[in-house]
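Reader: Hi! Could you walk me through the charged side chains in this one?
Author: Happy to, here it is.

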Amino acid sequence: MRIGTRGSALALAQARQAVALLPGEHELVEIVTTGDRGGVAANAITDKERWVRELDAALLDGRIDAAVHSAKDVPAELPDGITIAAVPPRADPRDALCGAPGLGALREGARVGTASLRRAAQLRALRPDLEVVELRGNVDSRLRKLAVGEADAIVLAAAGLARLGRGGEGVAMDELVPASGQGCLALTTRTGEELLVAGARDDEAERALLAERAFVRALRADCETPVGAYAKVAGTGLFLTAFAGAEDGSAWVRDELDGDEPEALGGEVARRLLAAGANEVLGR
């Protein structure tokens with residue numbers, strides 16, 4: 001098979017991990033996305049499409065047979081003819097703090113860097129005294145910025161650090177609700193060709209991702225919305241934790257619920273947050 005991936009160090013590491021789960025030998029095809037190019041063109045495309053659009057096009061026109069994505073980069077609505085065919089076993093879904101052993105160890109007024117509105121909202125809600133600053137770039141460039149003092153600490157995905165062999169540079173945080181799909185990979189194929197990547201499927205990870213994506217879809221959230229969702233297996237069902245907050249940390253709503261059917265659970269938690277004022281908190 002020809003399996004498409006973005007060409008960043010993290011994307012390639014993730015793609016190799018996914019391919020290792022499939023029998024046989026397969027070719028990785030690097031594809032540059034609009035998000036990789038950056039600039040005005042990337043900013044003009046809404047939501048997460050800028051990270052997947054070219055990979056979707058390559059699938060639909062037959063240049064590749066499957067694509068590997070970070071699940072949190074995949075839009076809630078997929079193009080016609082494309083489906084998430086497999087979700088491999090999930091890595092650590094938590095955020096990780098680099099530069100300090102925990103939030104409580106940071107001095108008053110410490111500068112904490114992140115490019116995520118979700119992380120910024122939760123950090124400000126937990127520690128209003130912190131100065132949360134925008135810090136962009138790939139994992140290594142953000143770690144370099146931390147090393148030269150552009151921030152006292154930074155927050156990154158624990159899974160990304162581990163996949164790049166940097167797992168020892170961050171402390172996993174239980175305080176923050178992760179992004180929907182964080183720690184998960186998603187293998188997409190053309191609809192009807194899901195069996196091509198069936199060897200990479202993990203039922204628990206797939207069910208959790210279904211619940212989290214259903215929550216995001218029902219809440220009408222995108223990558224510019226400060227929301228988080230994390231589902232984990234509990235007995236024979238799932239337990240879903242969700243968060244929606246104001247970017248400045250001044251208001252937030254959070255809920256937890258268990259259920260047996262992933263998409264129904266995600267939809268119900270979204271309904272409960274909306275009833276509790278999520279739209280108002282998000283400024284919509």
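Author: What follows is a short chat about salt bridges and surface charge.

Reader: Great. What kind of model is it?
Author: This is a predicted model, where local features need pLDDT of at least 70, side-chain atom pairs count only at pLDDT 80 or more, and totals for chains, interfaces and linings use all residues. Residues are numbered from 1 along each chain as its sequence is written, and side-chain values use heavy atoms, with hydrogens and water left out.

Reader: How many salt bridges turn up in the whole structure?
Author: The search finds 21, a salt bridge being a side-chain nitrogen of Lys or Arg within 4 Å of a carboxyl oxygen of Asp or Glu.

Reader: Which residues are linked in a network of salt bridges?
Author: Arg2, Asp65, Arg190 and Glu193 are.

Reader: Nice. How does arginine 2 meet aspartate 65?
Author: Their side chains form a salt bridge at 3.4 Å, N to O. The pair links distant parts of the chain, 63 residues apart: arginine 2 is in strand E1 (residues 2–5), and aspartate 65 is in the loop between helix H4 (53–60) and strand E3 (66–70). Helices (H or I, at least four residues) and strands (E, at least two) are DSSP runs, numbered from the N terminus.

Reader: And the one between arginine 190 and aspartate 65, what is the N to O distance?
Author: That salt bridge is 3.6 Å. Arginine 190 sits in strand E10 (residues 185–190), 125 residues from aspartate 65, so this pair also links distant parts of the chain.

Reader: Is aspartate 65 buried or exposed?
Author: Aspartate 65 is buried, at 13% relative accessibility. Buried means under 20% relative accessible area, exposed over 50%, and partly exposed in between (1.4 Å probe, protein chains only). Arginine 190 is buried too, at 17%, while arginine 2 is partly exposed at 32%.

Reader: Switching topic: which residue does aspartate 129 pair with?
Author: Aspartate 129 forms a salt bridge with arginine 127, with the closest N and O atoms 2.7 Å apart. Aspartate 129 is partly exposed at 29% relative accessible area, and arginine 127 is buried at 15%.Reader: Thanks, that's a clear picture!
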